[in-house]
Amino acid sequence: MLNSRTATHVAQVLGFSFLLTASAVAQIGTRFPSEKKIIADPITGIPLEFLTSTPAGDSKIYQTHHQWTSDGKWVIFRSNRVRGQAMAVNEETGDIVQVTENGYTGMLCLAEHSMNLYFARIQNLPPVDANSGTAYGAPAAVRDAPATVAARGAETAVPPAGAAPAAAGRRGPPSGPAEIVRVDLGKLFADSAAGKVGPATDYEHVCGVIPTEMGAVGDVALDPTEDFVYARVGSKEYAAQHLAPDLKAEGPYGPRNMGAGPTGLASINLHTGEVKFIVAVPFQIGHVQTNPWVPGEIVFCWETGGKAPQRTWTVRSDGTGLRPLYPEAPFEWITHEAVITKDEVAIAIIGHQKVDTKNAWGIAGTQEHPTGLGIVNLRTREMRIVGQLPFGDPGRSVWHVNGSSDGRWAVADDFKYRLWLIDRHTSEMLLLADLGHMTTAQDHIHPTFSADGTKVEVECAMLSENKRSMNICVVPLPPSWLKRTYTDKIE
C-alpha cells in the first residue's frame, strides 16, 4: 500500500491529482484540479471569477492582509481540502496547490516583494483530527468559535445568519511556543509543477520562536521590509509587567464578554530570531496589521466583538507614537479598519441599528449621526466619509471596507453580503456584485483589492447548495470605470 507522500508523488508524475481522505495528512505541494468558473453576477452582470467552486470549506485571508503573492499570480486561502492546511490557487490556470504541511494558526502573511509566506505555528500540537474538528488554521465555523476567536479577532458586529454553533472546534486556545515559519512559495510552486516535491523542510524555515509565556496565538503581521513579524501578546500576566503604572487594565466590554486587558505587541526578528516586547495596552488587542509602504508602522484595534470605546489604534514598532487612529464619539460604531495606502486607513462607521435602539451594545451604530466608509489620513489625522448606502437600502450599512493603493477606489460590503464600489474622485457609488446576497453564509465576504487596483477578492456562498459553504471569488472592476480620467478644470 502506498503511503500518502508516495501516492501524492506518483499522482504528480502521472500528471493527475486527487483529494486525500480527511484523516490523511497530504504533502506540501500536492496539486488539486482546477475548479475555476466564470459566472455572471445575477443582478449586475459583472463576470465573477470563482477560483474555487466546490464545498471544500474555503475562506480568504482577512482583509487587513495581502491575498495575492508578490508576482500577482496566486491567491492564498484557507481550506478544508486538507484540514488545517493552507492552499494557493493560480488565478490564470485555476490550479490549486497545498502550501503548508504541518499546520498554522491565525493569520497568513504574504511578503510584499518576495514569494514568501509567513505564519505562526504552535509547537507540539496534536495531529489534526477530522472527526473532532480540531484544526488549527481551519476556516469559517471552526475559526470563529469562542475558543479560537482570540487568534483571529472577532470582527462581526453581530454573528452571521446561519452561523455554526459556537461549540465547534477545539476547547481553549492552543498553548506552547509559537514558531514563526517562512515558506518559499517560488521554489514550492516550481517543484510542484515539475512533480518533484521534496520534504516540507525543503520549503519551510522556522525564523524564530515566541515563548509560551507571551501567549501568542497567531494574530501576526509582516513588516514590509520582511525583517520583522509583529505579534499580539495575549498573556495578561506578561503584558501587565509592561503596562504603564498610571494605566488600569480594562474589563470585558459588551455582551460578548471580550475586550479585557492588558495585552501587548512583540516583534520577532526574522533573521536572528530575537523577540522584543513593543508595548502594552490596557485592553484586548486584535486585528494586528502593518503599513505595506511604511516600515515599522502598526495598526491594531481594541477587540470586543462589536462596539468598542475606542476601536482603532496605531503605534511604531519601537513602542513610540501610541495613539488612537480615529478618536471616536460614544455614538459611533467604528469597525474593520484596513490600511489601504501609505498614508491612509479605511474604516467602517456602521449604521445598522435603528434610531433609538437600546440593546446590550448601547445606542451606537444608528444613522442619526454620519455613517459610511471613512478614510483616515495617518499623517494629518483628517477623516473623510467617501461613501454610504442610499437611504432605505436593504443592505442597511457598509460593514467591511477596503481601498486601492492608488487612491482611486474604495469598496465595502453591506449587511446583505453584497459588494459596493466607490469612485473616490467623484464619490459615485455602484453596486458591483450582488453575489446572491447569501446572508446564510458561514462568514462575510471581506473584500480586498488586488495590488494593481483592478479587481477585488471576496469569499461568498453564491454557489453553495447549502447556502453556507464558501468559495474564493475575484470580482473585476468595470472596464468603463477603469478607463475614467479626471480633470478638475472648470470649463
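Reader: In which sense do strand S22 and S23 pair, and over how many bridges?

Author: Keep in mind that this is a predicted model. Here S22, residues 372–377, pairs with S23 in the antiparallel sense, over 4 bridges. For a spot to look at, find isoleucine 375: arginine 384 in S23 stands opposite.

Reader: What is the strand order in the sheet they belong to?

Author: The order is S20-S21-S22-S23, an open sheet of 4 strands with antiparallel pairing. S20 (334–341) and S23 (383–387) each have a single partner strand, so one side of each has no neighbour in the sheet. On average, neighbouring strands are turned by 30° against each other, ignoring direction.

Reader: Okay, pockets next. How do I read the largest pocket, and which residues lie nearest its centre?

Author: The general idea first: rolling a probe the size of a water molecule over the atoms shows where empty space is left. In this structure, the largest pocket holds about 660 Å³ of space. Its lining counts 33 residues, with His66, Gln67, Glu112, Pro292 and Ala451 nearest the centre. By class, the lining splits into 13 nonpolar, 16 polar and 4 charged residues.

Reader: Which strands supply at least two residues each to that lining?

Author: Among them are S8 (105–110), S16 (285–290) and S24 (398–403), and S20 from our sheet is on the list too.

Reader: Is glutamine 289 buried or exposed?

Author: Glutamine 289 sits in strand S16. Buried means under 20% relative accessible area, and glutamine 289 has 0%, so it counts as buried. Its side chain reaches the backbone oxygen of glutamate 337 at 3.0 Å.

Methods
Residues are numbered from 1 along each chain as its sequence is written. This is a predicted model: local features need pLDDT of at least 70, side-chain atom pairs count only at pLDDT 80 or more; totals for chains, interfaces and linings use all residues. Side-chain values use heavy atoms; hydrogens and water are left out. Two strands pair if DSSP finds at least two bridges between them. Axes are lines fitted to C-alpha atoms, for helices over the stretch in contact, and angles run from 0 to 180 degrees between N-to-C directions. On a 1 Å grid over the protein atoms alone, a cavity is a set of points where a 1.4 Å probe fits but cannot get out, and a pocket is an open set with protein on both sides within 12 Å along at least five of seven lines; lining residues have an atom within 4 Å of a point. Grid points are joined across faces, edges and corners, and a volume is the space filled by probe spheres set on the points. Ala, Val, Leu, Ile, Met, Phe, Trp, Tyr, Cys and Pro count as nonpolar, Asp, Glu, Lys and Arg as charged, and the others, Gly among them, as polar. Buried means under 20% relative accessible area, exposed over 50%, partly exposed in between (1.4 Å probe, protein chains only). A polar contact is a pair of N or O atoms within 3.5 Å; within protein, one must be able to donate a hydrogen and the other to accept it, and residues adjacent in sequence count only if both atoms are side-chain atoms.
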